[in-house]
Amino acid sequence: MADTAVPQLWTADLSGTLDFYKTLGYTVTHEQIRPYVYGVVEDHGCALHFVSLPKDGDIPAERAGCLVMVEDVASRHQAFTAALRNRYGRIPAKGLPRITRFRPGQSRFTIVDPAGNQVIYIQRDEPPKVEYGGSKELDGLARVLDNARILRDFKTDDKAAFRVLEVGLGRFRAEAPRLEVARALAALAELAVAGEDPGRAEQFRAELRAMGLTAEERASVADELRASDDLAAWLSGP
């Protein structure tokens with residue numbers, strides 16, 4: 001039989017942590033506080049184990065947790081979104097706990113639980129060699145867009161992605177193809193929504209409208225153009 005790795009995560013509040021995972025659809029299969037703290041949740045045949053925080057040492061508020069490979073990452077994100085909105089009345093997109101957004105074409109998203117553990121859910125057939133930006137085959141604004149994609153989708157660093165795009169667009173806009181400019185503006189609008197800056201989001205949308213994209217051009221970048229509206233709808237929800 002193949003070996004099985006079992007992630008062991010930290011918590012300072014076992015009951016609260018287990019309750020959070022119950023919200024996501026996990027089943028608590030073990031819970032004890034004596035003679036030591038230990039808890040286990042399981043879903044889809046995957047178990048997460050929890051132990052108390054070390055008594056000594058500098059423990060970061062948020063820390064690497066584990067990777068969970070799933071068959072349909074988009075459906076899992078959708079299910080978690082519904083469960084979290086039902087519990088909190090909104091999508092917890094900032095602070096603890098939180099869930100990262102999911103865009104068409106993404107292959108992973110992150111849950112950060114109340115204890116600060118990051119659990120990354122990844123599409124099982126994600127390419128083994130993911131291009132993490134900086135491709136030498138790209139240059140100019142195309143390379144900027146690729147780097148921003150990695151910062152946004154894989155490193156979940158929206159602020160850095162915004163800076164990269166804003167600086168890159170200023171530098172390469174005059175020489176870049178129209179569709180690359182449109183993609184950059186659309187990405188900036190989405191990141192502005194994520195950063196709760198509706199004024200900047202509308203600024204970038206207005207610049208997009210002023211470009212006067214043809215129907216064919218709009219169709220070729222439809223997902224990018226829709227991203228900021230989709231994110232706003234996801235964050236607000238019914």
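Trainee: Is C66 buried or exposed here?

Mentor: Happy to look! Bear in mind that this is a predicted model. C66 counts as buried, because its relative accessibility is 12% and the cut-off for buried is under 20%.

Trainee: And how many disulfides does the structure hold?

Mentor: The structure holds 0 disulfides. For C66, the nearest cysteine sulfur is that of C46, 6.6 Å away.

Trainee: What about C46, buried, exposed or partly exposed?

Mentor: C46 is partly exposed, with a relative accessible area of 23%.

Trainee: Switching topic: at what angle do helix α4 and helix α5 cross?

Mentor: Roughly 145°, with the axes coming within 10 Å. Helix α4 covers residues 158-172 and helix α5 covers residues 178-194. The crossing of α4 past α5 is left-handed.

Trainee: Which residues make that contact?

Mentor: From α4, they include F162, L165 and L169; from α5, L185, L188 and L191 are among them. By class, the contact has 12 nonpolar, no polar and 2 charged residues.

Trainee: How many residues are in the largest nonpolar core?

Mentor: That core has 55 residues, and Y21, I111, Y121, L141 and L165 have the most contacts inside it. Its largest share, 12 residues, comes from α5.

Trainee: What does Y121 touch, leaving aside its neighbours within four places in sequence?

Mentor: Y121 is in contact with Y26, V68, V70, V73, F80, F109 and I111, among others. Its contacts also include R76, S107 and R108.

How values were computed. Residues numbered from 1 in each chain as written. Predicted model: local features only at pLDDT ≥ 70, side-chain atom pairs only at ≥ 80, totals over all residues. Heavy atoms only, no water. Axes fitted to C-alpha atoms, helices over the stretch in contact; angles between N-to-C directions. Helix = DSSP H or I, 4+ residues; strand = E, 2+ residues; numbered from the N terminus. Left-handed = near helix turned anticlockwise from the far one by under 90°. Contact = heavy atoms within 4.5 Å. Nonpolar A, V, L, I, M, F, W, Y, C, P; charged D, E, K, R; others polar. Disulfide = S-S within 2.5 Å. Buried < 20%, exposed > 50% of the residue type's maximum accessible area, 1.4 Å probe, protein only. Core = buried A, V, L, I, M, F, W, Y, C linked by side-chain atoms within 4.5 Å.
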